[in-house]
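Happy to walk through this one with you.

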Amino acid sequence: MATVLVTGGAGYIGSHTCVALMEAGWEVAVLDSLENSSAAAVDAIAEITGRQARFDIADCRDQSVVEKVMTEVSPDAVLHFAGLKSVPDSVADPLRYYRHNLESTAVLLMGMESCGVRRIVFSSSATVYGPPDELPVSETATTRPANPYGWTKLMIEQMVTDVVRSDPRWSASLLRYFNPVGAHPSGMIGEDPEGVPGNLMPYLLQVAVGRRAALPLYGTDYPTPDGTARRDYIHVMDLAEGHLAALQDLESSAGRVHTYNLGTGRAASVREVIAAMREATGHPLPYEELGRRPGDVPELWADPSKAHSELGWSATRTLADMCRDGWSWQSRNPQGYRSQSIS
Ligand code: NAD
Ligand code: WQD
């Protein structure tokens, strides 16, 4: 395989995966509507890799554009990152989430079918598991999403599975990410949330850079060693490399759907993350202890052994690496991609 179409390739995880793909010799074409990202990310990918990816500003829900791009690019596979990803937004406006995420994937799959492109890697999420019965969470654990966003992920997993079952020329990999954080070590691409960050790491980085006064720390009475919730944070470049492994595996997977957890298999508490980030940034990082955030589970971490045994992939980067590289991005780009376009 040589060419891959990356939907959502200007976004946080997609842009890092583009870098890993291009550095591994793949031809990359990015299709992104830019509704939650910036064209500056695509410029930065070119600067890091020294290579230019084809870039179409387009929406996956537009079948004629998808087919035009697919015909011109003739990819061997598609990496499908495009979609909406905010849990609270999905609770507030579920129909927007169902329509956007399901429609964009259905239209993309139809475009792939009509162009004879039948290999797909889909960005799923550990959120499909909901509150876990046991830890670590393996791929065979019960799925019961606790919000509409998670349901869209599970429904898309089913949609892709049904397509593969309908025609053995298809193959698919469903990647359930745990908590992706950090940035490319160059600090030239990274996570750039719109408005107030909803996630822990970007919030802490904005405190460190002076954009926010203090972290709201949600929940200090969990049944965990230090009372704060524990998660499986994974470096975004480890995640990117997981996609390469999944992509390569699709070559010999005709007629099959694989589901993999992409996590480290280790959990860190909110207090541990704050401590690691203090170390990386040299900033005191004040926080305010608040009650639990509705919908949060006390602990969630992956059993990533299936990806290791079947794909030969495992995460290698530490929490300190995640904080260092996240800080490299945030300190170079205090206002995210906006500071790049101003300069
Ligand atoms: P992101 O918002 O940074 O990237 C998504 C990209 O898709 C954006 O560039 C956006 O402009 C684009 N996009 C959205 N809808 C589109 C459409 N219909 N057509 C074309 N482009 C469209 O998000 P991310 O954090 O990089 O996440 C990538 C994928 O991984 C998403 O599907 C997300 O649900 C999934 N995921 C993310 C996390 C996480 O914590 N970041 C965890 C698990 C799964
Ligand atoms: C981690 C911990 C918070 C912010 C989310 C999505 C999930 C997936 C990954 C897409 C929790 C605490 C957070 C803050 C805090 N995304 N926290 N103050 O909730 O594990 O997962 O992102 O698929 O679907 O739900 O990650 O980073 O939001 O929270 O104390 O300002 O940090 O309460 O304990 P989460 P997170």
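Ala, Val, Leu, Ile, Met, Phe, Trp, Tyr, Cys and Pro count as nonpolar here, Asp, Glu, Lys and Arg as charged, and the others, Gly among them, as polar. Please keep in mind that this is a predicted model.

Q: How do the residues of the shell around ligand 1 divide into nonpolar, polar and charged?
A: The ligand is surrounded by 28 residues, and the closest are Ile13, Asp32, Asn36, Ser37 and Tyr149. Of those five, Ile13 falls in the nonpolar class and Asp32 in the charged class. Across the shell around ligand 1, the division is eleven nonpolar, eleven polar and six charged.

Q: Which element gives the largest share of the shell around ligand 1?
A: Helix H1 (12-23), helix H5 (94-115), S5 and H6 each contribute at least two residues to this shell. The largest share is three residues, and they come from S5.

Q: How much of the area that ligand 1 exposes when taken alone does the protein bury?
A: Let's start with the backbone contacts. A backbone N or O atom of Cys60 lies 2.9 Å from a nitrogen atom of ligand 1, and one of Phe81 lies 2.8 Å from an oxygen atom of the ligand. A polar backbone atom of Gly83 is 3.5 Å from a ligand nitrogen. Taken alone, ligand 1 exposes 810 Å², and the share buried by the protein is 95%.

Q: How many residues apart are Tyr129 and Phe178, the partners of an aromatic pair?
A: A search of the whole structure turns up two aromatic pairs. In one of them, Tyr129 and Phe178 are tilted, at 6.4 Å centre to centre with 35° between the planes. Tyr129 is in the loop between strand S5 (119-125) and helix H6 (148-166), while Phe178 is in the loop between strand S6 (171-177) and strand S7 (179-181). The pair thus links distant parts of the chain, and the separation is 49 residues.

Q: Why is the pair of Trp329 and Tyr337 classed as it is?
A: The ring centres of Trp329 and Tyr337 are 4.8 Å apart, inside the 6.5 Å limit for a pair. Stacked needs planes under 30 degrees apart and edge-to-face over 60. The planes of Trp329 and Tyr337 stand at 50°, so the pair is tilted.

Q: Is Trp329 buried or exposed?
A: Buried means under 20% relative accessible area. Trp329 has 1% relative accessibility, so Trp329 counts as buried.

Q: Which ring does the charged end of Lys306 sit over?
A: Elsewhere, Arg230 lies over the face of Trp301, at 5.4 Å from the ring centre. The charged end of Lys306 is 4.9 Å from the centre of its ring, which belongs to Tyr260.

Methods
Residues numbered from 1 in each chain as written. Chains lettered and ligands numbered in written order. Predicted model: local features only at pLDDT ≥ 70, side-chain atom pairs only at ≥ 80, totals over all residues. Heavy atoms only, no water. Phe/Tyr/Trp six-rings, centres within 6.5 Å; stacked < 30°, edge-to-face > 60°. Helix = DSSP H or I, 4+ residues; strand = E, 2+ residues; numbered from the N terminus. Buried < 20%, exposed > 50% of the residue type's maximum accessible area, 1.4 Å probe, protein only. Lys NZ or Arg CZ within 6 Å of the ring centre and 35° of its normal. Near = heavy atom within 4 Å. Polar contact = N/O pair within 3.5 Å; in protein donor to acceptor, adjacent residues only side chain to side chain. Areas by Shrake-Rupley, 256 points an atom, 1.4 Å probe, with all protein chains shown as cover.
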